[in-house]
Amino acid sequence: MKASARAVVIGGGVVGASVLYHLAKIGWSDVLLLEKSELTSGSTWHAAGGMHTFNGEANISRLQKYTIDLYREIEQLSGQSCGLHPNGGLMLAATEGELDSLRLIRSRARYLGMETEMISLDEALELNPLIDPSYFIGALWRADGGHCDPSGTTHAYVKAARQLGAAVERFTRVLSLNPRRDGSWDVVTDKGTVHAEHVVNCAGLWARELGHMVGIELPVLAMEHHYLISEDLPELQGRDKEIVNTTDYAGEIYLRQERRGVLIGTYEPHGVIWAPVKTPDDFAMQLLPEDFERLAPYFEVGFRHFPALGRVGIRKAINGPFTFAPDGNPLVGPVRGVRNYWVACAVMAGFSQGGGIGLVLSRWMAEGDPGQDIISMDVARFGAFATPRYTSIKVPENYARRFRLTYPNEELPAARPLRRSPIYEQLKAAGAVMGANFALENALWFAPPGVPATETPTYRRSEAFALVRAECQAVRRTVGLYETTNYGKYEVCGRGARAWLDRVFACRIPQAGRLALAPMLNPAGRIVGDLSMACLAEDRYLIVGSGFAEEFHLRWFFAQEPPPDVMVRSVASTLAGFSIAGPNSRALLQRLTRTDLSPGAFRFFRVCETAVGFAPAILTRAGFTGELGYEVWTTPDYLATLYDDLWDVGRELGLVHFGGRALSSLRLEKGYGSFNKDFRPDYTPGETGLGRFVDFSKSDFTGRAAALAERAAGAQRRFVIFEVEALDAEVIGYESILHEGRAVGYVTSGAFGHCVGKSLAAGYVPTALARDGTRFEIDILGEMRAATIRLEPLYDPQGLRLRS
C-alpha cells in the first residue's frame, strides 16, 4: 500500500468510485481509494440501479443528466459495461395536485434541454402495459433515465480511474484519522498509515462513524428499504423493448423491468431505521430480514395499480439499508473547522447523482470552487441544530415522503418546533402560521381571529391569498411588524476588521454609523453572499444575511483566514429583532427612542446603538419592503419586552403583523432579489444587478479580476422582473421562460404583487432580450402565460417612500 497520497477517498461504493475517477481526471493522479471490504459491499451492491434526472433543484437535475451521460464515457475508457438500460421514465398522476407537479417538471425541463412530454394514459399504456389506467388521470414521459448494473458501473469508474493513475486498496479498514499541524492527515489503517493532503468521506453506511473520527456529527442515517422482483410476466413476453421505468405517486411505488419480470419498490410510511447508533463494522454484502407483514399493505397498492403483478409469484425479496440526510439530498463539500476533510455521503440516489457529485467535489478540491451552485446539497445547509435526535426524526419523515408531493406552501411537521424565538408563543397567539428556516420557527402569514390557521397544500393560490393581501396593503398603508430573528447575523471585530472585510467583500466598507449593501464574490466572480454590513465602530461590524446560509457563510468567512487581530462569530442566537415598515414606522419608533429619527438626522442606511423602549438596541434605517422602514436588533432577553413596547405604542398607528409571504410580495413589487432564490453562486454581479454595489476602485478583493473582466465584456444574462398574466397560480421557481417559442431563461422566484394587482416573476434572460416591455411566455403548470419585462419597479419606482 502507498505510504502517501494527495487524497485518500474512503469508501468503495459508487460515490467513492466516482470521486476517485473525477479526481484522477482533473489531474490528481496520486489518489488512493480505501475500502474495508469488497467494492460495492455496503449499499451499492443491492441497489435497484435506477437513474433519472428529476429533482426540484435545477442544478441537481443538471448533475443527474451529467451522471447519466457519463456512463458511455467511462464504459469506453474502462472497457467495463455499465449494464445500461436507457429506457426512459414515466411518472403517473392520480390527482390534480400530482398532475400540476408533472406539469411543473415539464416546464423546468424545457430550459434544461431535457426531453419530456405530458402524455395521455393510452400513450402511457404503450410504454408500460401493466398500468391499470382507472387509477390515474395523466402521465409525464421523459427520454432520459432508465437503469444500470450497480456493480458494473462502480467497477467501470474504478477501472477508468486506475488508467489515470489512481490506486485502490480493498479489504483495508480505516482505524483512525489524525490531523497534522499543516492540515494534512495520517490515515491509520489495519495495513499501515497513509499520509494524505486530503481525506474524502465517501463511507456511505459508515459515514457517520468516519465523521466521529474527526469529531463531527454528520446528519446521516440509514433506513431499511425493500423491493421485490417478480416471476416472469406473460404480459412482457414477446416485447421488443423493456417497459419504461415507472413512478406511481399515489401508490408510492416505483417499478422497472427485470429480465421478464418486474422490480417493484416502495417508500412506505413508518419506515424502519437501521443501526440507529452505530453501523456494525462487519456488515458487508449482507441483506436484512424480510418484513412482509409490515409491508404487505403498501405492496398491495402496487398490485392493484399494476394488476398483472398480483397474478404471479415473487422470485426474490431484497431488504437493504440506504443512507439519507434529513431532507433527502446528499451531503457534499468541506466541513467548517476540519481542514482538508471533505464529505460525499447520504447519496441515496447514487446512480443518478454519483457522477455529478464526483465532478463538483473534484473541482472544489482541485480548484477551490465546485464550478456551479450546489447549495441544496452542500453539507453546510445544516447547522448545530442537526443533532442525532433531529436526524432520527427528520430522516424517517423524508423517507416516507420520497414519492409523496411536498407542495410549495406546505411545511413538514417532524422535529418542530425546534428553535423558537422568545416571542414564538405571542406570534402563535396572534394567528401566525409558521415555517422553519435553519430549524428556526418564523411567521409565514397570520390568520385573523376566527379564521383557521391552516391552508390546503397546493401549487395554486390557497386560502391564505386574501390574508397575505391584507398584510401587504396594511404595511403600505400604515405600519407592519415582521420578526427578523431568523436572519443570519455575524459580528466581525478587532483592530484588523476593516482591512480584512475590505478584502473579503466587494463593496465599499461603510464608515462608522453607516450601513452598506455588501455583495461577496468567490474567485470566479460569482455571488456567494448578498448581505448588509453595518459599521458600529471602526473595529466592530454587524453583518446580516440569509438565515439558511449561516453555516455556509461562516465556512466562507473562516476560509478567508481572518488574521489574529480579527474575530468573526455568529450572533444568530444572541441577536433577535424586528423589521418595522410602513409610512407610520418613524412615528412609531420615535415614541420609543430619544434618538432623533427625523429625515435629516437619521437618513437612509444610518445605524446607531440606542435604547428602544426598555431594550438596548442596534437601530438601522433599512428594510426589504420598499417602504420607509427600520430594523431593530436586541438580545433575546429583551425581545419580548420590546415586542410589547412596539404594540403598546403602535396600535393607534395601525400596526399589523406581517409574515414571510407578504415580504416576498412586497420585495418583488420593488424588484428586489433574494439570496438563494434569485442570487446564488451561479450568478455574477453584472447578471444580478449587484454590480452597482461593487467598489471597483479597491485595489484588491476576492473575485475582483473576474468581476472586472465581466464588466469589460458585459454580462451575458440579466436578472429581471416580469409582470405575468396569470390566472390562479404564480410561478414557483425554475419554470422555463420562452421567447418566440424558444426557452431562453428560467424563473427564480415569484409572488402576487398585492399592492400593484399583478402576478410577478423574477428570473434571468439573455441581456439582448432584457428590454422594458419585451414580451415572453412562462410555462406555468402547463399553460403558456404572457409575461412582460418591467425594468422599473412597479411600486414607487422613484424610491420616494423608501427615502421619505
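## Strands, helices and aromatic pairs in a predicted model

In this predicted model, asparagine 178 has aspartate 186 of strand 10 as its bridge partner. Helices (H or I, at least four residues) and strands (E, at least two) are DSSP runs, numbered from the N terminus. Residues are numbered from 1 along each chain as its sequence is written, and local features need pLDDT of at least 70. Side-chain atom pairs count only at pLDDT 80 or more, while totals for chains, interfaces and linings use all residues; side-chain values use heavy atoms, with hydrogens and water left out.

Strand 9 (residues 174-179) pairs with strand 10 in the antiparallel sense over 5 bridges; two strands pair if DSSP finds at least two bridges between them. The two form a hairpin with 5 residues between them, and glycine 183 in that turn has a positive phi of about 95 degrees. On the next stretch of chain, strand 10 pairs with strand 11 (residues 192-201), again antiparallel and over 5 bridges. Here 2 residues lie between the strands of the hairpin, and valine 187 has valine 194 of strand 11 as its bridge partner.

Strand 10 (residues 185-189) is largely enclosed by the rest of the structure, because 5 of its 5 residues are buried. Buried means under 20% relative accessible area, exposed over 50%, and partly exposed in between (1.4 Å probe, protein chains only). Trp185, Val187 and Thr189 point one way from the strand, Asp186 and Val188 point the other way, and all are buried.

Two helices come next. The axes of helix 5 (residues 150-163) and helix 8 (residues 350-367) come within 12 Å and cross at roughly 10 degrees. Axes are lines fitted to C-alpha atoms, for helices over the stretch in contact, and angles run from 0 to 180 degrees between N-to-C directions. The two helices are therefore roughly parallel to each other; angles under 35 degrees count as roughly parallel, over 145 as roughly antiparallel, 65 to 115 as roughly perpendicular and the rest as oblique. Helix 5 contributes Pro150, Thr153, Thr154 and Tyr157 to the contact, and helix 8 contributes Phe351, Gly354 and Gly355, where contact means heavy atoms within 4.5 Å. These residues divide into 3 nonpolar, 4 polar and no charged. In that division Ala, Val, Leu, Ile, Met, Phe, Trp, Tyr, Cys and Pro count as nonpolar, Asp, Glu, Lys and Arg as charged, and the others, Gly among them, as polar.

Arginine 498 is found in helix 12 (residues 497-504). This arginine is buried, with a relative accessible area of 19%. Not counting residues up to four places away in sequence, arginine 498 touches Ile509, Pro510, Gln511, Cys535, Glu538 and Tyr541.

A second sheet is a closed barrel of 6 strands with antiparallel pairing, running 33-36-35-34-37-38. Its neighbouring strands are turned by 40 degrees against each other on average, direction ignored. In it, 6 bridges join strand 37 (residues 775-780) to strand 38 (residues 783-789), and isoleucine 780 stands opposite glutamate 783 in strand 38.

Aromatic rings of Phe, Tyr and Trp (its six-membered ring) pair if their centres lie within 6.5 Å; planes under 30 degrees apart count as stacked, over 60 as edge-to-face and the rest as tilted. By this rule the count comes to 34 aromatic pairs. Phenylalanine 382 and phenylalanine 385 have ring centres 6.3 Å apart and planes at 55 degrees, so the pair is tilted; both residues are buried. Phenylalanine 548 and phenylalanine 675 have ring centres 6.2 Å apart and planes at 25 degrees, so this pair is stacked. Phenylalanine 548 counts as buried at 18% relative accessibility, and phenylalanine 675 is buried at 4%.
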